[in-house]
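Open the model in your viewer and keep the selection tool at hand.

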Amino acid sequence: MGTVIAVANQKGGVGKTTCTINLGGALASLGHRVLCLDLDPQANLTVGLGIDLNTVEKNIANVLIDPDLKLTSIIRPTKTKNLRRARDARAVIRRGGAVQRDRS
Ligand SMILES: Nc1ncnc2c1ncn2[C@@H]1O[C@H](COP(=O)(O)OP(=O)(O)OP(=O)(O)O)[C@@H](O)[C@H]1O
Ligand SMILES: [Mg+2]
């Protein structure tokens with residue numbers, strides 16, 4: 001079981017996404033396998049990790065509403081070794097990001 005770190009704050013524009021990207025990158029550089037879950041419909045974490053939104057068809061919202069859709073099916077690699085990400089949950093969870101250390 002990995003360690004889950006949630007980055008959340010009710011106030012907007014206080015650095016949640018920036019903190020998440022850098023925390024994920026730092027943990028990955030230390031050798032941890034990191035899964036960034038972008039739970040913000042703005043999808044800034046996804047874009048910040050270098051993913052072109054035009055290439056994303058399914059996201060966490062689809063995983064949450066479709067019991068047959070596995071989280072693993074929406075995970076995409078990033079250019080950073082050990083760092084992967086799953087795209088935003090549009091209109092399901094409005095704010096916040098999460099980084100999960102993944103040892104699976
Ligand atoms: N430590 C910092 N020092 C200065 N500027 C920062 C710092 N962290 C983030 N910023 C800047 O603050 C702005 C908001 O950051 P960010 O998008 O990470 O916030 P957020 O809390 O995720 O916002 P939102 O609520 O819109 O999701 C960005 O322009 C970012 O570059
Ligand atoms: Mg943000």
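Predicted model: local features only at pLDDT ≥ 70, side-chain atom pairs only at ≥ 80, totals over all residues.

Residues are numbered from 1 along each chain as its sequence is written, while chains are lettered from A and ligands numbered from 1 in the order in which they are written.

Next, colour by pLDDT, the predictor's confidence in each residue, from 0 to 100. The protein chain averages 81, and 83% of the residues score at least 70. Select residues 89-104: pLDDT stays under 50 there.

Now select ligand 1 and the residues around it (C-beta atom, placed from the backbone, within 6 Å). They are Gly 12, Gly 13, Val 14, Gly 15, Lys 16, Thr 17, Thr 18, Asp 40, Gln 42 and Asn 44. Which helix gives the most to this shell? Helix H1 (residues 16-29) does, with three residues.

Last, select Val 34, Leu 35, Cys 36, Leu 37 and Ile 60, which touch the most other members of the 13-residue largest nonpolar core. Such a core is a set of buried Ala, Val, Leu, Ile, Met, Phe, Trp, Tyr and Cys residues joined through C-beta atoms within 7 Å; buried means 20 or more other C-beta atoms within 10 Å of a residue's own, with C-beta atoms placed from the backbone. Strand S2 supplies the largest share of this core, four residues.

Conventions: Helix = DSSP H or I, 4+ residues; strand = E, 2+ residues; numbered from the N terminus. Buried ≥ 20, exposed ≤ 12 C-beta atoms within 10 Å, placed from the backbone. Contact = placed C-beta atoms within 7 Å.
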